[in-house]
Amino acid sequence: MSVTPPPLTPPRLKNDCFALPPGVDWTPVDTALDLLRANLSPVVDIKELDVSDALGHVLAHPAVARRSNPPAANSAVDGYGFAHAATGEGLQTLPLIEGRAAAGVPFSGRVPEGMAIRILTGAILPAGVDTVVLEEDTAGDGHRIAFHGPIKMRSNTRKAGEDVIAGDVALPAGHRLRAPDLALLSAVGTTRVSVFRPLRLGVLSTGDEIVADSGGALLEVGRIYDANRPMLLAMARRWNHVPVDLGHVGDDRAALADRLDRGASEADVIFTSGGASAGDEDHVSALLQEAGVMQSWRIAVKPGRPLALGLWKGVPVFGLPGNPVAAFVCTLIFGRPALSLLAGEGWEEPVGFTVPAAFEKNKRAGRREYLRARLTPQGHAEVFRSEGSGRISGLSWATGLVELGDGARRIAPGDPVRFLPYGSFEL
Ligand SMILES: Nc1nc2c(c(=O)[nH]1)N[C@H]1C(S)=C(S)[C@@H](COP(=O)(O)OP(=O)(O)OC[C@H]3O[C@@H](n4cnc5c(N)ncnc54)[C@H](O)[C@@H]3O)O[C@H]1N2
Ligand code: MOO
């Protein structure tokens with residue numbers, strides 16, 4: 001006699017894979033960011049470098065000015081220097097003294113009150129000179145100069161230390177050195193700096209379908225070119241971290257554990273992509289769970305809701321979602337500030353701009369959304385035609401992201417929206 005099994009009762013179809021399922025704990029974006037910020041700290045040690053080799057490094061200690069800039073009061077222009085006290089309103093005619101003051105060739109004598117001296121840009125003001133008249137504002141015959149007064153005291157001069165004073169902090173700890181910073185440090189005589197050793201970011205792709213190195217072959221349809229790893233390695237390089245290519249592993253837990261072991265010895269932090277959610281083949285989250293130090297988050301963000309966080313042999317692991325758009329957005333929003341903190345740079349927030357929308361959208365409550373966007377010639381934000389997180393072409397089409405807050409919102413063309421240019425993520 002056969003027994004009829006009881007009927008299965010699936011939940012009502014929502015036809016919206018992004019609706020917040022009841023009973024699941026969604027971590028708001030800000031909560032996730034606060035947790036990362038509170039729990040991460042620099043993991044890199046400190047070394048000394050010549051300033052000329054330090055571009056892109058993060059200062060571990062403040063860089064202190066060894067000398068003032070400028071070191072002495074000097075002239076900002078080519079012209080004639082004199083004592084302001086002897087001048088007044090109307091036509092001023094001053095006899096010139098012999099000699100001149102030039103940058104690097106100072107005039108050692110004193111300029112008597114009522115006389116002027118030829119002076120060039122950058123020259124230290126000679127004794128008796130506190131004011132300079134611009135050459136173009138004068139007439140002269142080689143023995144005298146004339147100009148129209150009044151001229152303001154200290155015109156066209158620079159005070160000693162008006163830019164930086166010796167002993168001041170020229171640049172604070174945590175600052176990542178850019179080209180202009182090398183100018184500043186050089187100007188104040190600082191030739192050696194203490195910097196953090198660059199952070200090593202290991203990047204690993206997972207999934208049986210992924211082919212890490214196709215050798216130029218056109219793959220059969222069931223196989224997927226590895227898009228995430230080249231992107232993530234390039235982002236690491238762009239952010240002045242050292243990219244560590246950990247290659248690819250299939251859906252094999254033992255192989256993944258081995259590769260994470262390698263990552264933990266070669267890198268300071270590991271980004272994996274794929275296998276982050278809770279499916280049958282989601283080994284990254286499963287392994288981190290087994291290791292016992294795992295935060296598996298369903299973040300209230302779109303795209304990119306599964307993000308696994310854990311420690312593997314003491315090394316932080318970010319299990320990014322496999323969909324390339326989600327992997328990209330999670331890396332910008334969560335990965336970048338976390339990396340900058342680990343690298344000693346402090347928490348880096350992107351700078352956004354409020355611009356009018358060139359689109360309309362009915363946004364639901366619950367998840368913060370990041371739309372691929374770019375500015376029209378009028379400076380309005382248009383968004384990519386699809387929000388599908390496998391649509392990699394939209395990442396290239398875009399020049400930034402539009403960020404829509406957690407709540408529900410109806411957006412009409414012209415409404416203000418927050419645009420985060422790729423440039424504000426230093427991409
Ligand atoms: N039943 C449910 N299924 C899924 C959910 C869900 O909530 N319930 N979430 C979806 C979302 S959202 C995302 S994102 C993905 C994330 O899952 P995984 O992190 O486990 O990623 P995979 O399943 O391994 O891959 C997803 C997708 O991305 C492709 N992929 C993976 N790695 C790469 C790579 N290196 N280069 C290019 N493409 C890659 C992969 O082939 C898949 O198509 O889960 C949804 N499912
Ligand atoms: O939102 Mo998933 O994180 O589509 O890509």
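**Notebook: sheet, helix packing and ligand shells**

I looked up the sheet and found six strands forming an open sheet with mixed pairing, in the order β8-β5-β7-β6-β10-β9. β8 and β9 (139–140) stand at the edges with a single partner strand each, so one side of each is left without a neighbour in the sheet. I took two strands as paired if DSSP finds at least two bridges between them. Helices (H or I, at least four residues) and strands (E, at least two) are DSSP runs, numbered from the N terminus.

I note that this is a predicted model: local features need pLDDT of at least 70, side-chain atom pairs count only at pLDDT 80 or more, and totals for chains, interfaces and linings use all residues. Residues are numbered from 1 along each chain as its sequence is written, while chains are lettered from A and ligands numbered from 1 in the order in which they are written.

**Strand pairs**

I followed strand β5 (residues 79–82) to its partners. With strand β7 (residues 116–119), β5 pairs in the antiparallel sense over four bridges, and Tyr80 stands opposite Arg118 of β7. Four bridges also join β5 to strand β8 (residues 131–134), again antiparallel; here the bridge partner of Tyr80 is Val133.

**Helices against α6**

I then examined helix α3 (residues 228–238) and helix α6 (residues 324–342), which pack at an angle of about 15° with their axes 10 Å apart. That makes α3 roughly parallel to α6, a term used for angles under 35 degrees. Axes are lines fitted to C-alpha atoms, for helices over the stretch in contact, and angles run from 0 to 180 degrees between N-to-C directions. The contact is made by Asn228, Met231, Leu232 and Met235 of α3 with Pro324, Ala327, Phe328 and Thr331 of α6; residues count as in contact if their C-beta atoms, placed from the backbone, lie within 7 Å. By class, this contact has six nonpolar, two polar and no charged residues. In this scheme Ala, Val, Leu, Ile, Met, Phe, Trp, Tyr, Cys and Pro are nonpolar, Asp, Glu, Lys and Arg charged, and the others, Gly among them, polar.

Helix α1 (residues 29–39) and α6 also pack at about 15°, with axes 10 Å apart, and are therefore roughly parallel to each other. Val29, Ala32, Leu33, Leu36 and Arg37 of α1 meet Ile333, Phe334, Pro337, Ala338 and Leu341 of α6. I recorded nine nonpolar, no polar and one charged residue for the contact of α1 with α6.

**Helices α4 and α5**

The axes of helix α4 (residues 253–266) and helix α5 (residues 283–291) come within 10 Å and cross at roughly 70°. α4 and α5 are therefore roughly perpendicular to each other, the range for which is 65 to 115 degrees. Arg253, Leu256 and Ala257 of α4 touch His283, Val284 and Leu287 of α5.

**Ligand shells**

I counted a residue in a shell if its C-beta atom, placed from the backbone, lies within 6 Å. Ligand 1 is surrounded by 25 residues, the closest being Asn228, Gly274, Ala276, Pro321 and Gly322. Helices α3 and α6 each supply at least two residues of that shell, which has eight nonpolar, twelve polar and five charged residues.

Around ligand 2 I found Lys302, Pro303, Gly304, Arg305, Pro321, Asn323, Ala326 and Ser389. This shell has three nonpolar, three polar and two charged residues.

Notes:
Angles under 35 degrees count as roughly parallel, over 145 as roughly antiparallel, 65 to 115 as roughly perpendicular and the rest as oblique. Two residues are in contact if their C-beta atoms, placed from the backbone, lie within 7 Å.
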